[in-house]
Amino acid sequence: MSNLSRRLSLDLALTIMLVFEMFYSITGNMLHEAVGFAFFLGVGMHLLLSRAWIAGTLRTMSSGTEMLAPKRARLALVASLLVADGALLVFSSLVISNTLHGWGIGLGALATSALWATIHTASAYGLCILTVAHLAMHWSLIAKSLRVDYDPSRRTAIGYAVGAAATVDMLAIGSTGLAKTAGLLEGERTDGE
């Protein structure tokens, strides 16, 4: 199996896990935390498999003499946002984890209000939005790996269509996330009164 095939298989598994994670009300806490742990192990593997791209991008950015190509710069921006959002998601997970709290470890002392649960929810929706953007930016690589036959002269048109579909998806996820986060914040204000 090639490195590309391994990366795309891992990306598919990560995407499925991320979708699964968003159904917390159905899966329950224990399964949510177990799959979340596996998800972040998978993200670590994804970063390991992408280390050559990361190193090359960082080298170019720090050289001071070269500029990143526009596509690579956009990919680097989305990747940086994914890392930052993922770090916030992991930290908030450690704060609100019922499993770790039950084991007497974790950062539960910080969980004095529903604020960390709200941050966790908002960063989860942010991760979904950024994942859609990340996948859309790699559409031609995914199509090539899946051996999807398309007319190369229509690559630009297909790219715009994928971008439009991704934008609609990101707006839908964002509006759902905003409603959910606002509901959590409203619940916290009501509880505090």
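This passage describes the overall build of the protein chain and then several of its helices and residues. The structure is a predicted model, in which local features need pLDDT of at least 70, side-chain atom pairs count only at pLDDT 80 or more, and totals for chains, interfaces and linings use all residues. Residues are numbered from 1 along each chain as its sequence is written, and side-chain values use heavy atoms, with hydrogens and water left out.

The protein chain contains nine helices and zero strands, where helices (H or I, at least four residues) and strands (E, at least two) are DSSP runs numbered from the N terminus. Read from the N terminus, the order of elements is α-α-α-α-α-α-α-α-α. Along the principal axes, the C-alpha atoms fill a box of roughly 60 × 35 × 35 Å. Of the 193 residues, 29% are buried; buried means under 20% relative accessible area, exposed means over 50%, and partly exposed lies in between (1.4 Å probe, protein chains only). The accessible surface of the chain is about 12200 Å², and 69% of this surface belongs to carbon and sulfur atoms. Accessible areas come from the Shrake-Rupley method with a 1.4 Å probe, and for residues only the protein chains shown count as cover. A contact requires heavy atoms within 4.5 Å. Among contacts between residues at least 6 apart in sequence, 65% join residues at least 24 apart.

Helix 3 covers residues 29–49. The buried residues of helix 3 are H32, E33, V35, G36, F39, G42 and H46. Their cover includes helix 1 (3–21), helix 2 (24–27), helix 6 (98–102) and helix 7.

Helix 4 (residues 51–63) has 13 residues and reaches 18 Å from its first C-alpha to its last, close to the 18 Å expected. Within helix 4, G56, T57 and T60 are buried. These residues lie on the same side of helix 4 because they cover an arc of only 100° around the axis, the arc being that of the directions from the helix axis to the C-beta atoms. The buried residues of helix 4 pack against helix 5 (70–96). On the other side of helix 4, R51, L58, R59 and S62 are exposed. Helix 4 is followed by G64, whose phi is positive, near 75°.

Residue H134 belongs to helix 7 (residues 115–137) and is buried, with a relative accessible area of 16%. When neighbours within four places in sequence are left aside, H134 is in contact with H46, V78 and L82.

G177 is buried, with a relative accessible area of 5%, whereas M170 is partly exposed at 22%. The C-alpha atoms of G177 and A124 are separated by 8.4 Å, although the two residues are 53 residues apart along the chain. M170 and G126 are 44 residues apart in sequence, and their C-alpha atoms are 9.2 Å apart in space. Leaving aside neighbours within four places in sequence, M170 is in contact with I129, V132 and A133.

Methods: Expected span 1.5 Å × (residues − 1).
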